[in-house]
Amino acid sequence: MKLQIADWLMQVDCDDAVTGQLPNLCPFLVSDPLSSDADILFRLQLGVSLSPEKTVPVLVNELEGRTLRLWLMPDHCSISLTLADSRQTYWLRASRDWKQIVSDWKPDYPGSYSVLNDFLMIAFIYSSAFRDTVLLHASCVAVGSEGCAFIGPSGVGKSTHSRLWLEHIPDSRLLNDDQPVLRRMPDGSMRIYGSPWSGKTFCYRNEGVRLSALFFMEQAAENRAIRLDGIHTFCRLLEAASAIGRDSRTFSPVSETLAWVAGTIPAYLLKNLPEKSAALLSAKVVFELKN
């Protein structure tokens, strides 16, 4: 299976039937053979026998129905995912640059495909970190060839604000509703892409647009857009980045990418109500930036 996300190529050694169980990947599949000199972000080999780590993990996170454990070793990283309902544990092991990755994953349990989906997201997060690319917890809309992101914790109204754009801003479309990708391009521009991970919203667009603005959402009694400076923007972006801060080798390049974003992309604190006028306000800000 070959994938292209944010214009990065990935190779996953698995049966083609796997993709039928993960429809979110379908728009990102690449049918053409990869050339011998193709720039591959990572290669993931599945069904490899792996022995458990014997040391204490540096991180344990309780996620939705599963437990994630992380080991940072001198020559590799290991991640285990344990499903709460079955106690089944799957392992993933990567080189420290996240270019070569192996996993013992097999389709041996009904919930196993969600684990593979998580492993693919983790592999993308860490391998792309070295390539000026960051997965961001946000909702993103686009108009034409430009887009903006609505950022904030769960429940703050990101998806609601995107829906208001779709209802009231002509020609707007949803690019991603949970994990869009920010990528700094070689020419210095910043693009935002759809990804295979869009939360509860079925929105898997394999496209990218120029990033025009960032809006950090805050529920309020009135609608106001307040321009943020680079320091406040960076701190807020760091909270929204999909990365595990314990791994300094990937955290450092992620921080550098976010610092560049904070210094170049206009960012605003959007105090808002869940209403049409709030969407009109943020759209006005974006359209004025274009002129």
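The following conversation discusses the predicted model shown above.

User: What is the count of helices and strands in the chain?

Analyst: The chain of this predicted model has six helices and 17 strands.

User: What percentage of the residues is buried?

Analyst: Buried residues account for 52% of the 291 in the chain. The accessible surface is about 13,300 Å², and carbon and sulfur atoms contribute 50% of that area.

User: What share of the contacts comes from residues 24 or more positions apart?

Analyst: Among contacts with a separation of 6 or more, 63% are between residues 24 or more positions apart.

User: Changing topic: how many disulfides are there?

Analyst: The count is zero. For C14, the nearest cysteine sulfur belongs to C26 and is 12 Å away.

User: Is C148 buried or exposed?

Analyst: C148 is buried, with a relative accessibility of 1%.

User: On to the backbone. Where is W98, and what is its phi?

Analyst: W98 lies in the loop between β7 (89-95) and β8 (100-103). Its phi is positive, at about 60 degrees, although W98 is not a glycine. Most residues other than glycine have a negative phi.

User: What about D171, then: where is it located?

Analyst: D171 is in the loop between α3 (158-168) and β12 (172-176). It also has a positive phi, of about 65 degrees, and is not a glycine.

User: Which of these two is buried and which is exposed?

Analyst: W98 is buried, with a relative accessible area of 1%, whereas D171 is exposed, at 67% relative accessibility.

User: Last topic: in what sense do β1 and β2 pair, and over how many bridges?

Analyst: Strand β1 (residues 2-5) and strand β2 (residues 8-13) pair in the antiparallel sense, over four bridges. Q4 has L9 in β2 as its bridge partner.

User: What does A6 do in that hairpin?

Analyst: The hairpin has two residues between the strands, and A6 takes a positive phi near 55 degrees there.

Note on methods:
Residues numbered from 1 in each chain as written. Predicted model: local features only at pLDDT ≥ 70, side-chain atom pairs only at ≥ 80, totals over all residues. Heavy atoms only, no water. Pairing = 2+ DSSP bridges. Disulfide = S-S within 2.5 Å. Buried < 20%, exposed > 50% of the residue type's maximum accessible area, 1.4 Å probe, protein only. Contact = heavy atoms within 4.5 Å. Areas by Shrake-Rupley, 256 points an atom, 1.4 Å probe, with all protein chains shown as cover.
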